[in-house]
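Dear colleague,

I am handing over the structure below, and my notes on it follow directly after. Please read them with the coordinates open beside you.

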Amino acid sequence: MLLRSILAAALVAGLALPAQAQLLHASPAAGATVRSVSQIDLAFAAPVNAATAGARIIMTAMPGMTDHPPMAIKAFTIAPGADGKALHLKLRKPLVPGDYSVSWSVAGADGKRLTGTFSFKIA
Ligand SMILES: [Cu+2]
């Protein structure tokens with residue numbers, strides 16, 4: 001009974017919070033295998049400050065190569081989405097087949113910094 005009240009209180013508190021800029025989805029999605037990628041999109045639930053955004057794209061594996069060292073992909077720029085709630089990592093060249101991990105960081109409109117990491121594969 002006590003647990004149920006605590007859960008109910010937590011739920012109400014959660015609903016009362018203003019919209020937080022958490023990541024809604026990424027494209028390519030976490031864990032996805034895709035054909036070709038020249039842009040990585042991050043969509044947030046609330047506006048983010050693109051001027052504070054940072055990202056690291058690391059190639060972690062490559063077909064036919066064992067012990068591939070982590071390789072930073074640096075040729076990209078970060079552009080804000082038109083609605084202020086997205087970031088677009090625009091690659092200068094499409095990514096070649098392999099495994100990639102993307103770490104991102106950005107401040108929401110409230111100044112609170114959000115971070116995340118996800119991986120995808122290009123076949
Ligand atoms: Cu590589």
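Among contacts in the chain between residues at least 6 apart in sequence, those that join residues at least 24 apart make up 61%, two residues being in contact if their C-beta atoms, placed from the backbone, lie within 7 Å. Please bear in mind that this is a predicted model, in which local features need pLDDT of at least 70 and side-chain atom pairs count only at pLDDT 80 or more, while totals for chains, interfaces and linings use all residues. Residues are numbered from 1 along each chain as its sequence is written.

The chain holds one helix and nine strands, where helices (H or I, at least four residues) and strands (E, at least two) are DSSP runs numbered from the N terminus. Five strands form an open sheet with mixed pairing, in the order β2-β9-β8-β4-β5, and two strands pair if DSSP finds at least two bridges between them. Its edge strands, each pairing on one side only, are β2 (33-34) and β5 (71-73). Strand β4 (residues 48-61) pairs with β5 in the antiparallel sense over three bridges, and M59 stands opposite M71 in β5.

Of the 123 residues of the chain, 13% count as buried, that is, with 20 or more other C-beta atoms within 10 Å of their own, whereas 12 or fewer makes a residue exposed and a number in between partly exposed, with C-beta atoms placed from the backbone. A61, in strand β4, is partly exposed because 17 other C-beta atoms lie within 10 Å. Leaving aside neighbours within four places in sequence, A61 is in contact with H68, G98 and D99, and the C-alpha atoms of A61 and P97, residues 36 apart in sequence, are 9.0 Å apart in space.

Kind regards
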